[in-house]
Amino acid sequence: MAQPTTQEALAELYGYDQDAHFDTDQLREGLTGIVSAAELDGIIAAVDATGDETVSYERVITLLASDG
């Protein structure tokens, strides 16, 4: 089975629930072993940079799209 993309992994973690909000600990726990360590560190850093305690799926995707 092919490795999911980061966006697919996030969608699966959030259950495609636009109302779900996760903190960095939940993101790290849910994505460890699914996305690369570098990708995971990038996601966590982007979420931390918002200053928000929790973020929605849409917000994480937006942060990833604006990265780089």
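Residues are numbered from 1 along each chain as its sequence is written. Because the model is predicted, local features need pLDDT of at least 70 and side-chain atom pairs count only at pLDDT 80 or more, while totals for chains, interfaces and linings use all residues; side-chain values use heavy atoms, with hydrogens and water left out.

**Stop 1: before α1**

Select glutamine 3, which sits in the segment before α1. Helices (H or I, at least four residues) and strands (E, at least two) are DSSP runs, numbered from the N terminus. Is glutamine 3 buried or exposed? Glutamine 3 counts as exposed, at 56% relative accessibility. Exposed means over 50% relative accessible area, buried under 20%, and partly exposed in between (1.4 Å probe, protein chains only).

Leaving aside neighbours within four places in sequence, glutamine 3 is in contact with Gly33, Ile34 and Val35. Contact means heavy atoms within 4.5 Å.

**Stop 2: along α1**

Select residues 6–14, which form helix α1, and colour its buried residues: Thr6, Ala9, Leu10, Ala11 and Tyr14. An α-helix has 3.6 residues a turn, so residues three or four places apart point the same way. The cover over the buried residues of α1 includes β1 (21–22), α2 (24–31), α3 (37–50), β2 (55–56) and α4 (57–66).

Zoom in on threonine 6, in helix α1. Threonine 6 has a relative accessible area of 14%, so it is buried.

Which residues does tyrosine 14 touch, not counting residues up to four places away in sequence? They are Ala20, His21, Phe22, Leu27, Val55, Ser56, Tyr57 and Val60. Glycine 15 follows α1 and has a positive phi, near 65°.

**Stop 3: α1 against α2**

Show α1 and α2 together. Their axes come within 10 Å and cross at roughly 115°. Axes are lines fitted to C-alpha atoms, for helices over the stretch in contact, and angles run from 0 to 180 degrees between N-to-C directions. The two helices are therefore roughly perpendicular to each other (65 to 115 degrees). To see the meeting residues, select Ala9, Leu10, Leu13 and Tyr14 in α1 and Gln26, Leu27, Gly30 and Leu31 in α2.

**Stop 4: α1 against α4**

α1 and α4 pack at an angle of about 165°, with their axes 10 Å apart. That makes α1 roughly antiparallel to α4 (over 145 degrees). Thr6, Gln7, Leu10, Ala11 and Tyr14 of α1 make the contact with Tyr57, Val60, Ile61 and Leu64 of α4.

**Stop 5**

**Stop 6: the core**

Finally, select Leu10, Tyr14, Leu27, Leu31, Ile43, Val47 and Val60. Of the 18 residues in the largest nonpolar core, these touch the most other members. A nonpolar core is a set of buried Ala, Val, Leu, Ile, Met, Phe, Trp, Tyr and Cys residues joined through side-chain atoms within 4.5 Å. Which elements give two or more residues to this core? They are α1, α2, α3 and α4.

Note on methods: Parallel < 35°, antiparallel > 145°, perpendicular 65-115°, else oblique.
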